[in-house]
Amino acid sequence: MSLTTPAQRAADIAQERGTPEREERSWLRLTEIFFSIQGESSFAGMPCTFVRLSRCNLRCTWCDTTYSFKGGERTEIDDIISRLDAIGCKVVEITGGEPLLQRPVHTLMSRLCDLGYTVLIETSGSLDIAPIDERVHIIMDLKAPGSGEVDKNLFANIEHLKPTDEVKFVLLNREDFDWAIATIEEHQLLDRAQIIFSPVHGELSGHELANWILESGKSIRLGLQIHKFLDVE
Ligand SMILES: C[S@@+](CC[C@H](N)C(=O)[O-])C[C@H]1O[C@@H](n2cnc3c(N)ncnc32)[C@H](O)[C@@H]1O
Ligand SMILES: Nc1nc2[nH]cc(C(=O)O)c2c(=O)[nH]1
Ligand code: SF4
Ligand SMILES: [Mg+2]
């Protein structure tokens with residue numbers, strides 16, 4: 001017999017999903033650190049170390065990283081930096097889960113920038129990006145309807161993007177593609193940042209998406225998750 005009451009279960013789910021934490025502390029909930037080939041973004045193909053933080057406030061239907069939603073080791077920022085120094089790669093991506101859920105992520109990113117790292121952050125577009133250190137390269141998703149999370153997009157983030165940052169649309173079908181094109185036009189996104197369209201891996205054909213991009217005549221980069229073709233992490 002389960003001893004968990006409905007109220008406890010609701011509290012557990014709320015904690016798993018998380019709300020942005022205000023608490024400034026010296027540790028982060030960490031799912032994993034690994035060194036691999038960057039599979040996404042304009043850095044695709046480059047060696048990169050990944051810091052995957054735990055928990056996410058969204059539940060995209062096609063998410064490939066659901067294992068980051070729960071748990072995670074409390075890890076001191078000093079320890080994370082020591083591990084990155086030991087790996088020795090000067091390009092680091094902070095991802096998740098949703099990395100912006102944990103406030104100390106900003107301390108980690110600024111310290112890495114101070115140490116001469118090229119720091120990338122991969123974020124969902126649902127939380128405020130304004131506090132991100134201006135030296136950090138932002139890769140921000142805008143979630144299309146097929147994700148089930150379209151109503152979570154924080155369009156106010158757009159004004160905080162630098163021209164070198166990236167806005168990524170992960171697309172499930174033609175409806176998502178049409179939504180993404182309309183969103184780009186409405187917010188004049190091509191003037192604000194680099195734009196990437198990626199197919200949901202295994203669901204939408206990259207060939208088909210490539211044709212749609214060419215037909216649109218727009219300067220949009222096709223992004224395929226190359227680590228999945230290489231069968232690496
Ligand atoms: C796992 S998320 C973590 C960072 C953040 N929560 C976000 O969504 O950007 C990293 C990237 O993987 C993408 N992604 C996740 N599952 C995918 C899938 N099945 N196919 C293609 N891209 C996927 C997300 O859209 C996001 O751009
Ligand atoms: N190789 C590799 N490249 C990636 N780029 C972004 C990733 C992510 O999960 O955020 C990722 C990932 O999980 N693996
Ligand atoms: S926001 Fe990112 S980590 Fe969270 S469910 Fe969506 S793709 Fe997965
Ligand atoms: Mg991934």
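This report walks through a predicted model, from its confidence scores to a helix, a ligand site and a few single residues.

Residues count from 1 along each chain as its sequence is written, while chains are lettered from A and ligands numbered from 1 in the order they are written. Because the model is predicted, local features need pLDDT of at least 70 and side-chain atom pairs count only at pLDDT 80 or more, though totals for chains, interfaces and linings use all residues.

**How confident is the model?** The chain has a mean pLDDT of 94, with 93% of its residues at 70 or more; pLDDT is the predictor's confidence in each residue, from 0 to 100. Helices (H or I, at least four residues) and strands (E, at least two) are DSSP runs, numbered from the N terminus.

**Helix α3.** In α3 (residues 105–114), the buried residues are Val105, Leu108, Met109 and Leu112. They sit on the same side of α3, because they cover an arc of only 95° around the axis (the arc is that of the directions from the helix axis to the C-beta atoms). These buried residues pack against β1 (27–37), β2 (47–53), α2, β4 (91–95) and β5 (118–123). After α3 comes Gly116, with a positive phi near 90°.

**Buried or exposed?** A residue is buried with 20 or more other C-beta atoms within 10 Å of its own, exposed with 12 or fewer, and partly exposed in between; C-beta atoms are placed from the backbone.

| Residue | C-beta atoms within 10 Å | Class |
|---|---|---|
| Ser82 | 11 | exposed |
| Cys60 | 21 | buried |
| Cys63 | 19 | partly exposed |

Ser82 belongs to helix α2 (residues 77–87). Cys60 is in the loop between β2 and β3 (73–76), and Cys63 is in the loop between β2 and β3 too. An unreviewed UniProt entry annotates Cys56, Cys60 and Cys63 as "binding site"; such annotations may be inferred rather than shown by experiment. Beyond its neighbours within four places in sequence, Cys60 is in contact (C-beta atoms within 7 Å) with Lys143, Ser147, Gly148 and Glu149.

**Around ligand 2.** The residues around ligand 2 (C-beta atom within 6 Å) include Ser36, Phe50, Glu122 and His227.

Note on methods
Two residues are in contact if their C-beta atoms, placed from the backbone, lie within 7 Å.
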